[in-house]
Amino acid sequence: MKFYRCSSPAPRFQAVTPGEKIRETSVLTSLVQPGAREKARQMVSGSSNDRFVVSRRRTGFGDCLWSLAAAWRFAKQTGRTLAIDWRGSCYLDEPFTNAFPVFFEPVEDIGGVRVVCDDDINTRSFPGPFFPTWWNKPSFDCIYRPDQQIFRERDQLDQLFQSQRDSDANTVVCDACLMWRCDQEAEREIFRSIKPRPEIQARIDAIYREHFEPYSVIGIHVRHGNGEDIMGHAPYWADTERALRQIYNAIDEARSLSHAKPVRAFLCTDSALVLEQVSVKFPDVFAIPKQFQAPQAGPLHHPALGAEGGFSALTEMYLLARCDTVIRFPPTSAFTRYARLFAPRVIEFDLNDPGRLILIEDNSQALMAS
């Protein structure tokens, strides 16, 4: 196979994560009672002088964890406590339940940063003033946040993080997609420090022992959307037949690479149609049984699927990171960020030319002829 050396890494993807709008404006998922300064009372340690970074997400796990890494980095730099508030999660139909302890083991410290992540988040009140300034409004006025306000806050948080300075606010609210707003070491720290709940980890380990350990596994992640507005991913699906051919080509290229053990391919996708099409082309591909939404009914991260949808998502996310080679289609999906950071070899599609493949191996990058 002929390789072409890259002149520079793939460009940084700046588009908003698909799912950014999910339940953002729900009354039931409004933040932590900000605005009424007279209510800023004693917090976790009993001191009204405590300063916080609140990481608020309701979207898929990739976005949640990547945005959490950015919030953690800022908390680390400024000596603040990190609060993880995932109420209103797209994986649960219980809007007041903090999804973090449902899916991950409790954690009190991440890299020297004190962490609050329990389900008591409903009873907590964080001290003002707040940043971004939107959260200094009375609570009732904060219920509805237009999309443009969310994007504005994302940019304000980005500017704050890039400035390397602290904010005068006692509580910094990170309630926007913060992908690309931290370095890879921050992301790695989050993935090393946060562990799935034991019952989820047991499921991951059992599948790994049976289906992964005897093989060199090629993990294939195909983010389709299944009728969802996939925004920044849309160019990859402008022509479905072409997209499927690109995926088939990537699988063939991955198989042609050297492997230490017999090769097996593992497919993760949010589309029953993609599973069917890829399985016809590659009958030996295996997938973990899971419940799909009806065709064109939307993504798998949906409250209607209940917590089991989240368990399945985490199982696939962590197994992809244990594959020998991972194919990311499209590479803009945050779901495979964990695998991108930890898998030994990654094949993804050039953002400027999706018809060309990028091989990432041993921290080097090369273009593969398509």
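I kept in mind that the model is predicted.

**Entry 1: strands E8 and E9**

I began with strand E9, which covers residues 263-269. Five of its seven residues are buried, so the rest of the structure largely encloses E9. I then looked up its pairing with strand E8, residues 216-222. The two strands run in the parallel sense and share seven bridges. I also checked what faces Val222, and found Thr269 of E9 opposite Val222.

**Entry 2: salt bridges**

Next I turned to charged pairs. Side chains of opposite charge can pair when their charged atoms come close. I noted 26 salt bridges in the structure.

I looked up Arg58 first. Arg58 pairs with Asp175, and their closest N and O atoms are 2.9 Å apart. Arg58 sits in the loop between strand E2 (52-56) and helix H1 (61-78), while Asp175 sits in the loop between E7 and helix H4 (184-193), so the bridge ties together parts 117 residues apart in sequence.

Then I went to Arg322, which forms a salt bridge with Asp205 at 3.2 Å between the closest N and O atoms. This pair also links distant parts of the chain, 117 residues apart. Arg322 is in the loop between helix H8 (306-320) and strand E10 (325-329), and Asp205 is in helix H5, residues 198-212. Arg322 is partly exposed at 35%. Asp205 is partly exposed at 25%. I also traced a network: salt bridges with shared partners join Arg58, Arg145, Glu153 and Asp175.

One more pair went into the notebook. Arg192 and Glu185 meet in a salt bridge, 3.6 Å from N to O. Arg192 is partly exposed at 40%, and Glu185 is partly exposed at 44%.

**Entry 3: surface residues**

Which residues form the negative surface patch? I found Asp93, Glu94, Asp119 and Asp120 there. I placed Asp93 in the loop between strand E3 (81-85) and helix H2 (99-103). Its relative accessible area is 55%, so Asp93 is exposed.

Gln164 is exposed at 58% relative accessibility.

Terms used:
Residues numbered from 1 in each chain as written. Predicted model: local features only at pLDDT ≥ 70, side-chain atom pairs only at ≥ 80, totals over all residues. Heavy atoms only, no water. Buried < 20%, exposed > 50% of the residue type's maximum accessible area, 1.4 Å probe, protein only. Helix = DSSP H or I, 4+ residues; strand = E, 2+ residues; numbered from the N terminus. Pairing = 2+ DSSP bridges. Patch = residues over 30% accessible without salt bridge, like charges linked within 9 Å, V, L, I, M, F, W, Y side chains within 5 Å. Areas by Shrake-Rupley, 256 points an atom, 1.4 Å probe, with all protein chains shown as cover. Salt bridge = Lys/Arg side-chain N within 4 Å of Asp/Glu carboxyl O. Lys, Arg positive; Asp, Glu negative; His and termini not counted. Charge placed at Lys NZ, Arg CZ, Asp CG, Glu CD.
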